[in-house]
Amino acid sequence: MNQLNRRNFMAYSTSVLGVAGVGTPASRGASAEVLGLARSPQPPAEPKPAPRVKRTLKKAVMYGMLAEGKTVLERFEILRECGMDGVEMDSPSRITHDEVLAAMEKTGIKVHGLVDSVHWQFHLNSPEPEIRKKGIEALETAIRDAKAYSSTSILLVPALVNGRQPYDEAWRLSIESLRTVTPMAKEAGVKIAIENVWNNFLLSPLEAARYVDELNGDDKNGPYRFHFDIGNVINFGWPDQWVKILGARTAKLHIKDFSRKKRDEQGLWKGFDVELGDGDAGWAATMTALDETGYSTAPEGNWATAEVGGGKRDRIKQVGEQMDRLFAM
């Protein structure tokens, strides 16, 4: 390389180094980026978790779960002591209005809902008109009892499908029977809440939603809703999916669990032999779904009733504590 070329090369190199190393701060930064020498960008700050919604669920148990207390008042006092807000009772029943109303007034325990006590006996889809008539009359009694106690719902199994009572007829006859009590239920301000049970009927949430919608027809304030039993769908479905599809149709909840493992190893009904939270209900997802539909966050508070093995007050307290853990997920 001749002298001139050497001088040109040195001048060019110095100019490049001046830009890269001794230029302005801005030029130094730009050059560092070009050369891949800039510090790696800081990772973005993790988004703050969404504020936890306030859940307002009210706790209850089935009246028959309590194996302590000789009178309605004594049982209600135990329920209050165990931290319960309410109870579901049967109707028709031999218990008098006076007994129940006095116990409610003295303890503050609410009979928030009733359960039709003869719906497994007098099917509203029975091929025998006399059986359907008895079922309707029992439901009318339950509506009167609910009005007396200011209960807001009546749990009903509307039909049973078997070899003698086909599916399509179960749909048609049960709806036909229920519509005879629609005016009475509306006047009483009581929701008739259809429950999902192992009756070979309403086997999917889509079908359950359609059934309720057909019962109400064009009446947006119709008296028909759904009483969703979380444990009863686990054998063939997923509770959170049912919650989302039923949406605002859900009037009440039954709280219980079911273990597919116990079902597979010990037999179908053994699946229910599990404590709340130890089965396959997927409680975190189920609670999130209840939040999304607004059921668990309603300002007035919606009801969640345990339907599990009962016992004396220690057992009821245990169930209440289990419910608290689930509702905090």
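Predicted model: local features only at pLDDT ≥ 70, side-chain atom pairs only at ≥ 80, totals over all residues.
The protein has 12 helices and 8 strands. Helices (H or I, at least four residues) and strands (E, at least two) are DSSP runs, numbered from the N terminus. Of the 329 residues, 46% are buried. Among contacts between residues at least 6 apart in sequence, 75% join residues at least 24 apart; a contact means heavy atoms within 4.5 Å. The accessible surface is about 17400 Å², and 54% of this surface belongs to carbon and sulfur atoms. Accessible areas come from the Shrake-Rupley method with a 1.4 Å probe, and for residues only the protein chains shown count as cover.

Now follow a run of paired strands. Two strands pair if DSSP finds at least two bridges between them. Strand 4 (residues 153-156) pairs with strand 5 in the parallel sense over 4 bridges, and Leu155 stands opposite Ala193 in strand 5. Strand 5 (residues 191-195) is mostly covered, with 4 of its 5 residues buried. On to strand 6 (residues 224-229): strand 5 and strand 6 run parallel and are joined by 4 bridges, with Ile194 opposite Phe226. Between strand 6 and strand 7 there are again parallel bridges, 4 in number, and Asp229 stands opposite His254 in strand 7. Strand 7 in turn runs parallel to strand 8 (residues 303-306), with 3 bridges between them; the bridge partner of Ile255 in strand 8 is Ala306.

Helices link some of these strands. Strand 5, helix 8 (residues 205-216) and strand 6 make a right-handed β-α-β unit. From strand 6 the chain passes through helix 9 (residues 239-246) to strand 7, and this crossover is right-handed as well. A crossover is right-handed if, with the strands pointing away from the viewer, the path from the first strand over the helix to the second runs clockwise.

The structure also holds 12 aromatic pairs. Rings of Phe, Tyr and Trp (its six-membered ring) pair if their centres lie within 6.5 Å; planes under 30 degrees apart count as stacked, over 60 as edge-to-face and the rest as tilted. Tyr167 and Phe201 form a tilted pair, 5.3 Å centre to centre with 55° between the planes. Tyr167 is in helix 6 (residues 167-178) and Phe201 in the loop between strand 5 and helix 8, 34 residues apart. Tyr167 has 27% relative accessibility, so it counts as partly exposed, whereas Phe201, at 1%, counts as buried. The ring centres of Trp198 and Phe258 are 6.1 Å apart and their planes are at 75°, so this pair is edge-to-face. Trp198 lies in the loop between strand 5 and helix 8, and Phe258 in the loop between strand 7 and helix 10 (260-266). Trp198 is partly exposed at 25%, while Phe258 is buried at 0%. Tyr167 and Phe201 also belong to one aromatic cluster with Trp171 and Tyr211.

Definitions and conventions
Residues numbered from 1 in each chain as written. Heavy atoms only, no water. Buried < 20%, exposed > 50% of the residue type's maximum accessible area, 1.4 Å probe, protein only.
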